[in-house]
Amino acid sequence: MLWTIAGTSLRETGRRRAALLLVVALPLAFYAARSDMQGQAIRFLAIGVGWAVATLALFSHVGARHLDRRLAVVGTSPTALLIGRQLALIGMGLALAAGYFGLVALTQDVNRLWAVGLLLGTTVLIAAPLGAVVSLVLPRELEGALALLAVMATQMIADPEGALAKTLPLWSTRELTGYAVDPVGSEYLWDGLAHFAVVALVCAGAAWIAAVVRLRPQALPEPEPEPVVL
Amino acid sequence: MTDQWHESFARLLVERGVAPGEARRLAADSRDEARAAGLPPAELFGPAAAYAAGIARAARPAPLAALPRARGPVVLRLTGVTKRYRRREVLRGVDLTLRAGEVAAVVGANGSGKSTLLDICAGASKATSGLVERTARIGYAPQQHGTAPYLTADEHFRLFGGAHGMGAKRAVATGTHLAAGLGWRPRAGTVAAQLSGGTRQKLNVVLGELHRPDLILLDEPYQGFDQDSYLDLWSQVYAWRDAGAGVLVVTHLLHDLDRVDHVLELKGAEDR
């Protein structure tokens, strides 16, 4: 069932051509805007990928809300519905990340190129469940999109050394960008990966709890058999 | 002009759920009849669309394995069901017992809580008080948002078939057969958003009966239907009933209630 949901979700999203075009264009616009500064360009590219994937996840989950409720009522597990849709979104996100990794490899001479792949991948793995959490807590497109805008805009302008930046979901992206671009030690790598692991776990856990709470149908007892009248 | 009528007739038959081979055979028959009568087909049979609608109705496959009617065990029992949204009471003390092999119609004015009651029966919403008992194997066709706009009919069949443990091929074959019973043949590559409102509603209904459930819950399932489709739907409802399913239909049309087993009339809070 998991793969049926993932495949269906992939086809459904794949047919929204205009939305997909914008998903591809957003990180490119961010990258092009800062292409003269390598570190900034890669960080903004990664945040663009994260923002695009989170928004795609938000709209995908909000759009499927009624259908998922119907499927849950007739016996599909809310966990399978969440994981199936997340598999499709992560697959698309990783394909997008792979494309932009190729672009960076072609256009920049990066100190540790493999770390760029790592930071794009971790960003996608945070963004997909983040979009799901927002969609399940704020189940309307406008409110959800504004919430994501607030998170991502704050992420871009917050002082990376400050406490606020560390509470935001993509702080790891900034740390891993520093590791990829600058001649710094491995503490940037480990700090980034630790932050990623915590945020990914929190987002996935929150998305799962919200999905179960919102989609799980009422447990109704079977009708009592009637007594036989002799 | 004559050829055009026959081609149009065959195409309309297919669109109304007749198998393509059968449609070709029927078109050839009508051509032979027109030739034998020495009249243009439009003069002999009338407009192709109207003639195709009548012939398609007669040529449709029988519903799956209709069985002699027998009332079975209780599939849904509501006892004193009440629903409140904050201080607004939507349902008060609703009682109903529905058995396998019976049809119940839920009627009432707009805002009387019909859809809320169906959601409670499905388990999508919780009753504030009272007891809801129902069988586990249900089919559920909500009034709105029951389908995904960017999926084709076959993809819907595979998805819902998967939910019921059916293989993809069997789910598509069953869905296509049930769709034909409602006078519709799904076209490959056409997503739900491209279907008319009535056809989308047929898809919604087919998804609710895909796995031959013990209890079928339908919320105003005929919206957007033409007259033929409306009659087909009620034929389907009675076929499910005769095959041993319990059917609960939310409706605001009162002229089909003489054949149902139970009529549950809900009154809005302002009418109580």
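**Note on a two-chain model**

1. A:Arg85 counts as buried, at 3% relative accessibility. Buried means under 20% relative accessible area, exposed over 50%, and partly exposed in between, with a 1.4 Å probe and protein chains only. This is a predicted model, in which local features need pLDDT of at least 70 and side-chain atom pairs count only at pLDDT 80 or more, while totals for chains, interfaces and linings use all residues. Residues are numbered from 1 along each chain as its sequence is written, chains are lettered from A and ligands numbered from 1 in the order in which they are written, and side-chain values use heavy atoms, with hydrogens and water left out.

2. What does A:Arg85 pair with? Its side chain meets that of A:Glu12 in a salt bridge, at 3.6 Å from N to O. A salt bridge here is a side-chain nitrogen of Lys or Arg within 4 Å of a carboxyl oxygen of Asp or Glu. A:Arg85 lies in helix 5 (residues 78-107) and A:Glu12 in helix 1 (residues 2-14) of chain A, so the pair ties together parts that are 73 residues apart in sequence. A:Glu12 also counts as buried, at 13% relative accessibility.

3. Chain A holds 10 helices and 0 strands. Helices (H or I, at least four residues) and strands (E, at least two) are DSSP runs, numbered from the N terminus. The C-alpha trace of chain A spans about 90 × 35 × 30 Å along its principal axes. Of the 230 residues in chain A, 49% are buried. Among contacts in chain A with a separation of 6 or more, 73% are between residues 24 or more positions apart; a contact means heavy atoms within 4.5 Å.

4. A:Val53 gives a view of the interior of chain A. This residue sits in helix 3 (residues 38-63) and counts as buried at 2% relative accessibility. Leaving aside residues up to four places away in sequence, A:Val53 touches A:Gly93, A:Leu96, A:Val124, A:Ala127 and A:Ala128. A:Val53 and A:Leu94 are 41 residues apart in sequence, and their C-alpha atoms are 9.4 Å apart in space.

5. Chain B contains both kinds of element, with 9 helices and 8 strands. Its C-alpha trace spans about 70 × 40 × 35 Å along the principal axes. Buried residues make up 53% of the 272 residues of chain B. In chain B, residues 24 or more positions apart account for 73% of the contacts with a separation of 6 or more.

6. The surfaces can be read chain by chain. Chain A exposes about 10,600 Å², with 68% supplied by carbon and sulfur atoms. Chain B exposes about 12,000 Å², and carbon and sulfur atoms supply 51% of that area. These accessible areas come from the Shrake-Rupley method with a 1.4 Å probe; for residues, only the protein chains shown count as cover.

7. On charge, chain A has 16 positive and 15 negative side chains, and the centres of the two sets lie 8 Å apart. Chain B has 34 positive and 29 negative side chains, with centres 7 Å apart. Lys and Arg count as positive and Asp and Glu as negative, while His and the chain ends are not counted. Each charge is placed at NZ of Lys, CZ of Arg, CG of Asp or CD of Glu.

8. How many residues does each chain bring to the contact? Chain A gives 24 residues and chain B gives 40 residues. The area buried between the two chains is about 2,800 Å², of which carbon and sulfur atoms give 61%. Buried area is the accessible area (1.4 Å probe) that two parts lose on being put together, summed over both. A:Arg15, A:Arg70 and A:Leu220 supply 24% of the area that chain A buries against chain B, more than any other three residues.

9. There are 2 salt bridges between chain A and chain B. A:Arg15 forms a salt bridge with B:Glu155, and the closest N and O atoms are 2.7 Å apart. A:Arg11, A:Arg15 and B:Glu155 are linked in a network of salt bridges.

10. The whole structure has 12 salt bridges over all chains. In chain B, B:Arg25 forms one with B:Asp29, the closest N and O atoms being 3.0 Å apart. These two residues are 4 residues apart in helix 2 (residues 20-37) of chain B, so about one helical turn separates them. B:Arg25 is partly exposed at 42% relative accessibility, and B:Asp29 is partly exposed at 32%. The side chains of B:Glu89 and B:Arg84 also meet in a salt bridge, at 3.9 Å from N to O. B:Glu89 is buried with a relative accessible area of 17%, whereas B:Arg84 is partly exposed at 39% relative accessibility.
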